[in-house]
Amino acid sequence: MALTRAIFVVLLLCHTFEYEIAHAKLWIVGDEAGWDYNVSPWPLNKDIKPKDQLLFQYDPRDHDVTVVPEAYYEACKIERNQSAIFYRTGNDTITLASGGNFFISSILDDCQNGIQMAVYT
C-alpha cells in the first residue's frame with residue numbers, strides 16, 4: 001500500500017512539473033518594436049508568470065540585454081565585479097524567476113534613455 005501511494009505521489013509530481021513546463025508562455029518583449037527605447041511599460045497589464053520566457057529581439061550593434069539586481073536597475077548602472085548577466089546575440093530568450101526580474105541595456109546611455117524594464121511574476 002505504501003509503495004502504491006509513493007508511486008501515485010511521484011506520478012502526480014511529474015504531471016504537475018510537466019504541466020508547468022508545457023504551459024509556460026513565450027513573450028516577445030516590446031512586441032513589434034522589440035527591445036528598444038521606452039520599453040519600460042511593455043509588461044504592464046500582462047499576466048506574466050514565473051517560468052514564462054521573454055524573447056528579447058534587438059540589433060546587437062546598438063543594444064544588449066543585461067539582467068541586473070534591482071539596485072542596478074534603479075540606478076541604471078552596473079558596478080564592476082558585481083552580479084550581472086549579459087546577453088548580446090540580438091535574439092535572447094530568458095526564463096523568468098519568481099518575484100522581480102530586472103533588465104537594462106548596458107550600452108552607453110541606453111538605460112538612461114529608456115531601455116530598461118522590470119517584470120514582476
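**Figure 1. Pairing of strand β3 with its neighbours.** T66 stands opposite I104 in β6. Strands β3 and β6 pair in the antiparallel sense over three bridges, where two strands pair if DSSP finds at least two bridges between them. Strand β3 (residues 65–68) also pairs with β4 in the antiparallel sense, over three bridges. The model is predicted: local features need pLDDT of at least 70 and side-chain atom pairs count only at pLDDT 80 or more, whereas totals for chains, interfaces and linings use all residues. Residues are numbered from 1 along each chain as its sequence is written, and side-chain values use heavy atoms, with hydrogens and water left out.

**Figure 2. Overall arrangement of the chain.** Two helices and seven strands make up the elements of the chain, and their order from the N terminus is α-β-β-β-α-β-β-β-β. Helices (H or I, at least four residues) and strands (E, at least two) are DSSP runs, numbered from the N terminus. Of the 121 residues, 33% count as buried; buried means under 20% relative accessible area, exposed over 50%, and partly exposed in between (1.4 Å probe, protein chains only). Among contacts with a separation of 6 or more, 65% are between residues 24 or more positions apart, a contact being heavy atoms within 4.5 Å. The accessible surface comes to about 8000 Å², and carbon and sulfur atoms hold 56% of it; accessible areas come from the Shrake-Rupley method with a 1.4 Å probe, and for residues only the protein chains shown count as cover.

**Figure 3. The disulfide between C76 and C111.** A disulfide, defined as a pair of cysteine sulfur atoms within 2.5 Å, joins C76 to C111 with an S to S distance of 2.0 Å. By this rule the chain has one disulfide. The link of C76 and C111 is left-handed, with -75 degrees about the S-S bond. C76 lies in the loop between α2 (70–75) and β4 (85–87) and C111 in the loop between β6 (100–104) and β7, so the pair ties together parts that are 35 residues apart in sequence. C76 is buried at a relative accessible area of 15%, and C111 also counts as buried, at 2%.

**Figure 4. Surroundings of Q116.** Q116 is found in strand β7 (residues 116–120) and is buried, with a relative accessible area of 16%. Not counting residues up to four places away in sequence, Q116 touches W35, V39, S40, Y73, C76, F103, I104 and C111. The C-alpha atoms of Q116 and T66 are separated by 9.2 Å, although these residues are 50 residues apart along the chain.

**Figure 5. The nonpolar cores.** The largest nonpolar core has 16 residues, and those with the most contacts inside it are V29, W35, W42, L54, F56, F103 and M117. Strands β2 (53–57) and β7 each supply at least two residues of this core. A second, separate core of nine residues includes Y72, Y73, I104 and A118. A nonpolar core is a set of buried Ala, Val, Leu, Ile, Met, Phe, Trp, Tyr and Cys residues joined through side-chain atoms within 4.5 Å. Leaving aside neighbours within four places in sequence, the contacts of L54 include W42, F103, M117 and V119.
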